[in-house]
2 protein chains.
Amino acid sequence: MAKSQPLFSLLLFIFISGTISQSIIQLSRDHDVYCNSWRFSVETNDVGYWDHVPSRCVSYVQDYMTGDGYRSDSEVASSYALGFAKTVEIAGDGKDAWVFDVDETLLSNLPYYAVHGFGSEPFDELSFDDWVDLAEAPAIQASLNLYKGLKQLGFTVFMLTGRSEHQRNATAKNLQLEGYGDYERLILRESLDQGKPATLYKSQRRLELVNEGYRIHGNSGDQWSDLYGFAVSERSFKLPNPLYYIP
Amino acid sequence: MAKSQPLFSLLLFIFISGTISQSIIQLSRDHDVYCNSWRFSVETNDVGYWDHVPSRCVSYVQDYMTGDGYRSDSEVASSYALGFAKTVEIAGDGKDAWVFDVDETLLSNLPYYAVHGFGSEPFDELSFDDWVDLAEAPAIQASLNLYKGLKQLGFTVFMLTGRSEHQRNATAKNLQLEGYGDYERLILRESLDQGKPATLYKSQRRLELVNEGYRIHGNSGDQWSDLYGFAVSERSFKLPNPLYYIP
């Protein structure tokens, strides 16, 4: 009997696992209602790791990204960021900092994802890198407006991206072309950062800034891995992104 | 000139403050589009502190809370919580724990807020306490289903609420009436906790549980102050709440 206990537990576990979610939590059959809720759970990080948009939500995501929803969500998030920024007392020593992620924060890769299934296809690094090399990602207008506002207020701006050093030229060129001038530093993954979870890599780089004496007041990113970890900013601003998840 | 510098800076600051948000970030004039985005910013904590629902969004919030949206968002959040819970290996020593907040997490105060302006009125502690004493807050069905699922899986459940010790009887009675039986402990604010920010109070109490040997795998709450701080759970699950904000 003692020997069969683990097997019994395993069978019980499999039985419970297979039945609980089916039986006790009802999910809406209406695609728009469900997909709205899926997006809520994505943006609050309730979903945790996910690797593709659920098939029933692909056209919902397309409508959201290309319609009023995404633009408005970005605008309201930026307006709260700017509202906070205006409460920060700028010391004038150049150490009052704001950190921006790049992809889906300053630049939009929507033209790429529009021809790659709006988040429904597995990520293809080769074709995405080709897209990055084109340096044609448009600015997210609300972020560009926030960026200009922060510069006007006297913030020192850092870009901290998961892109790699070999993408420096294309990234810097793209940022410049889209109006993001006069930033302090563009930080990219070096070879020693390859393979690190984004949360760790970005935390380490923020810590370096803190050790250099910068006061990181704000941090804008579309992934929780841009915002969590250590050396976090005073306030974090989560931008919408229902296309992909980076741990 | 040196003396007038601060005054000049102040005037410049006031000028910039007054113009930036008006001029450079456009917000949607469509109430539903704007209020959807406001809710996104509330749920991601981009708004930070807020004390009432914007007047243009009160009927939007009413529709959301009483219609399919809130129910569906709660269901999807609970389904992800349960999905994660099923991946946890339960040791069988009673130390695998899940922490629930109470208000707008296990119990709904919607009947109270429905007659108090759906978040548009300033919080009135006296009338809210009278409502709590009635012990008539209904269960949030998705949370009750999650609760039952967690108990079936073998989790030890703690309730950690911002309610005060003098509300213990009404709260315990209400929970029992709504089907929340067999939990380990109901933790309320003691007199030494009064006035503490919720994040600190809840972190301290979670740390006590950790020090007692509990492994806090999951934490469900409708406020970021339920989920942030220290002694945080392995995974946090943010439930929707556009009615109020607790720092």
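Let me begin with a term: a residue counts as buried under 20% relative accessible area, as exposed over 50%, and as partly exposed in between, using a 1.4 Å probe and protein chains only. By that rule Asp193(A) is buried, with a relative accessible area of 0%.

Some ground rules come next. The model is a predicted one, in which local features need pLDDT of at least 70 and side-chain atom pairs count only at pLDDT 80 or more, while totals for chains, interfaces and linings use all residues. Residues are numbered from 1 along each chain as its sequence is written, chains are lettered from A and ligands numbered from 1 in the order in which they are written, and side-chain values use heavy atoms, with hydrogens and water left out.

I turn now to the salt bridges. A salt bridge here is a side-chain nitrogen of Lys or Arg within 4 Å of a carboxyl oxygen of Asp or Glu. Side chains of opposite charge can pair when their charged atoms come close. Over all chains, the structure holds 30 salt bridges.

Through shared partners, salt bridges join Glu190(A), Asp193(A), Lys196(A), Arg205(A) and Glu208(A) into one network.

A second salt bridge joins Asp73(A) and Arg39(A), whose closest N and O atoms are 3.2 Å apart. This pair links distant parts of the chain, with Asp73(A) in helix H4 and Arg39(A) in helix H2 of chain A, 34 residues apart. Helices (H or I, at least four residues) and strands (E, at least two) are DSSP runs, numbered from the N terminus. Are Asp73(A) and Arg39(A) buried or exposed? Both are buried.

Asp182(A) lies in the loop between helix H8 (168-177) and E3 of chain A, whereas Lys151(A) belongs to helix H7 (residues 141-153) of chain A, 31 residues away. Asp182(A) counts as exposed, at 61% relative accessibility. Lys151(A) is partly exposed, with a relative accessible area of 25%.

Let us move to the strands. Two strands pair if DSSP finds at least two bridges between them. In chain A, strand E3 (residues 185-189) has four of its five residues buried, so the strand is largely enclosed by the rest of the structure. E3(A) pairs with strand E2 (residues 156-164) of chain A in the parallel sense over four bridges. Within that pairing, Ile187(A) is the bridge partner of Leu160(A).

In chain B, five of the five residues of E1(B) are buried, so this strand is largely enclosed by the rest of the structure. Asp96(B), Trp98(B) and Phe100(B) point one way from E1(B), and Ala97(B) and Val99(B) point the other way. E1(B) pairs in the parallel sense with strand E4 (residues 215-221) of chain B over five bridges, and with strand E2 (residues 156-164) of chain B, also parallel, over four. Phe100(B) stands opposite Ser220(B) in E4(B) and opposite Met159(B) in E2(B).

Most residues other than glycine have a negative phi. Asn45(A), however, has a positive phi, near 70°. Asn45(A) sits in the loop between helix H2 (31-43) and helix H3 (58-66) of chain A, and is buried, with a relative accessible area of 14%. Glu104(B) also has a positive phi, of about 65°. Glu104(B) lies between strand E1 (96-100) and helix H5 (110-114) of chain B, and is buried at 1% relative accessible area. Thr87(A), by contrast, is exposed, with a relative accessible area of 60%, and its side chain reaches the backbone oxygen of Phe84(A) at 2.6 Å.

Finally, I come to the contact between the chains, where contact means heavy atoms within 4.5 Å. How many residues does the contact take from each chain? It takes 49 residues from chain B and 51 residues from chain A. The count of salt bridges between chain B and chain A is zero. The largest share of the side of chain B that touches chain A, 11 residues, comes from H4(B).

Technical notes:
Polar contact = N/O pair within 3.5 Å; in protein donor to acceptor, adjacent residues only side chain to side chain.
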